[in-house]
Amino acid sequence: MSGRVNMRPTNKNALLKVVILGDGGVGKSCLMNRFVSNHFDEHSFHTIGVEFLNKDIEIDNESYTLQIWDTAGQERFKTLRTPFYRGSDICMLTYAIDDKSSFRNMNMWKNEFLYYADIKENSSFPFIVVGNKSDVSIEEREVSQLELETWCNENGIASCIETSAKNASNVQEAFKMAVQHWLRAESRADRTECTYSDTVDLSKKQSDVRNSCCAGATDD
Amino acid sequence: MEDNQEEVLEIFTQDGVLITTAPATYIHYLNNVGTLLIVEYPNSNLTRCIEWKPLDLTIDSDVQDQEWTVVSTVERRRTYSGSLPVDVNRSKHLKINMNDIKSFRVSHKNQKLTFRDGKGDNVCSFIFQHGNCDGLIAVLKGILKTIVSRRDKHVYCILDDIKNPERQQLDKSFAELNLFQEQSSAYVWKFVKNFPNRPYEATMEAFSKITDIVYRGPEHRLMDSEVHNILHRSLEAIENNTTTHSHDEYELIAHVPRLPALKEYPRGRPLSFEQWKALQDSEGQVEDVEAVKLVIFRGGISSNVRKEVWKYLLDYYRWKCSHAEQQNLIKQRNEEYFIMKLQWRSMTKIQEDNFTDYRERKSLIEKDVNRTDRTLDYFAGDNNPNLQVLYDILMTYAMYNFDLGYVQGMSDLLSPILYLMNNEVEAFWCFVGFMNKVSSNFDMDQAGMKEQLQHLHTLTAFYDPEFANYLYKHDSANMFFCFRWLLVWFKRELSQQDVMRLWEVLWTDLPCQNFHLLICVAILDTEKNILMENNYGFTEILKHINDLSGNIDISTVISKAEGMYNQIVDAEHLTDAVRLIIGLPILGNTSIVDSKEASPDISDLTTNGDTDEVSYENALTHSFL
Ligand SMILES: Nc1nc2c(ncn2[C@@H]2O[C@H](COP(=O)(O)OP(=O)(O)O)[C@@H](O)[C@H]2O)c(=O)[nH]1
Ligand SMILES: [Mg+2]
């Protein structure tokens, strides 16, 4: 809800749909807001229903518009959340490094996503695992970096990163990494097909000039 | 004819009919409300009777049950109307042979109907408390030959003499002459079959009237795929904007259903301290609860009495209790609260380690309390003691209602209550009262939420078919974008002051149940031009609606919603689907057709899937792809 971001992509970027999943309280909404508007509000509301924000990102001189979907994590809202998984290009599995059970639940989130997004080949789907709240003290840490890497290896996921929405560490990188992962998966899947052709384009061909009212310049 | 086993064909039924004149044998029924029926006994020489029976409580409560406990109201209602219990008490009905009736008179804005015999004496009269007798008149005109009296245009004379010259003349003017020579059931059947040829403008209203008849058909013909197809095709015709005009064949019911004009309902002044005291007697009892509620509905509650009045609205205090009884109750509630609180406070570490479910609840509450209204002074800052109270109440509520436990959204509902009460026990019991009103929002399977979204669509479609159609064509008929509004009653959209005002208005249950859905309809009506002009699709609508947060003028919305409510209840074509939602007695012309009538599009949500959940998800899924 924070951050005035233009709803429509302002140019004809490829639109990538990113779904952020994970237990309640791991910092999904904070990550999204940090990424989109470079803003952190420690006391923002917990998410009700479904929200999304758009944000442009540039990678190798190519622009992409990320449409980031954020949902409420409680089991109760599963039936209202899962329909939004379909058509995702990227899935960001999130836990908090000071919350072991949120780490354990990643299996559940991954399976829920695969099932409802109706992904046939999960080996190539671009998942990225994000361990948030990297700013917490060593005493509070419950999940080590090694555990993270082990889990990713076991699950065939190539990208993982520790972030802090609070002090803006690695947040841009996490999303960038996700897109790069997606690009690799795409080109693997079909080298001949144009990567943009099968993405949804919400824009109304306004202009090719990049309109900078989409907040938050990329910090690369 | 008195034989219970005999076949009975109900041509027409209407609930909520008060009987004010009756033959001497039925005098005990006078001034009672019940159901009026027109029935036919096919085995007794096609005798037709006017029957009336007192309110059947079992059916009534059934309707209420089904309204709030199932997602699939459409399915259920269909069952309900398709398999009316065989009425073994039929012999007790007031029954008047139609042959004894020679005329009937319509009066009181079509709300009163009086049947007269050959001498012109009144045999029986009925007042239609809900809606009017137009539907019945249409049916009577269908099964009888009638002519408007020359002396009194409100009187219809029944022509039974075939050779009556007046009748022969009349016949020529009826295009449906052939229809009337057949049995009424066949007539009805033909009526349905001819349906697709009818001018499209008439369709909407015609549906409700046709269903009156179709539903009482002898072989439950609605289940017949043929009928289904016919109705379906007709609906498509609406979509395609067919504008073929047929002649006045069906003039009886052929006119465009239109809502009365939107009137202004200015907001009133809030309930003042003086008013409130004046409405209590010396013992503290509130005599005229409805009067209190009416003032609150019109203008809310002044801040200096709000705290006290909320306790009544939220069932913590009883309206009809003396001070002494009240004190007693408060003492009990106080003890009860601390017993429940102690239950979780005394949980040992080992107990907790062995109780995953409890641990998860606890941790979720902890997390959410830290993310609830922290921008308000009352909850701001680290280690704010009010956060602890918020936490304690939610934990205790999880003990009070273990099945429900804690669901996200509850902390939003508690926050304004705690802020106002500033007292743990009082806030807890008021919160319990609020939860009792909205607990279905937090159903495990979200059935309550899905049903509300569906109801919201039905209302929108009735109020503004064009907009509903827009939503349908833009994959948004699931109304999902209103989820947050409904889950926490606009808590996230409004300021603390505004949300308190809105809630107290909604707690009065005036002017109807589910008024919060009309609040949604009113806001959507304000936004629809933006949505349609920009040709927004599902994601964009969702975004636009989410971004309305903080930009809603709630007084304007409430008065607009009240105006819309009045437009809807005054609409001639008010359907049972809508009646059910706003809590008016239904007329019996129920179910699937109704729902479609109001909204050709809702079928996506309700009638195609194996289970509702699946079809809902499908709908939602299709929505944004
Ligand atoms: N220390 C720390 N706290 C964070 C970080 N990100 C989020 N939080 C806190 O974690 C809580 C939950 O964040 P939120 O984004 O609402 O979680 P969500 O339920 O996953 O959307 C909030 O109170 C934030 O203040 C972070 O990077 N570091
Ligand atoms: Mg969130």
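The legends below describe close-up views of aromatic rings in a predicted model. Local features need pLDDT of at least 70 and side-chain atom pairs count only at pLDDT 80 or more, while totals for chains, interfaces and linings use all residues. Residues are numbered from 1 along each chain as its sequence is written, chains are lettered from A in the order in which they are written, and side-chain values use heavy atoms, with hydrogens and water left out.

**View 1. Tyr64(A) and Trp182(A) form an edge-to-face pair.** Over all chains the structure holds 42 aromatic pairs, where rings of Phe, Tyr and Trp (its six-membered ring) pair if their centres lie within 6.5 Å, and planes under 30 degrees apart count as stacked, over 60 as edge-to-face and the rest as tilted. Here the centres are 6.4 Å apart and the planes stand at 75°, so the pair is edge-to-face. Because Tyr64(A) lies in strand β3 (residues 62-71) and Trp182(A) in helix α6 (residues 171-189), the pair ties together parts of chain A that are 118 residues apart in sequence; helices (H or I, at least four residues) and strands (E, at least two) are DSSP runs, numbered from the N terminus. Tyr64(A), at 3% relative accessibility, counts as buried, a word that means under 20% relative accessible area, with exposed over 50% and partly exposed in between (1.4 Å probe, protein chains only).

**View 2. Trp69(A) and Phe84(A) form a tilted pair.** Their ring centres are 5.4 Å apart and their planes are at 35°, and both residues are buried. Ring pairs also link Trp69(A) and Phe84(A) into a cluster whose members include Phe52(A), Phe77(A) and Phe480(B).
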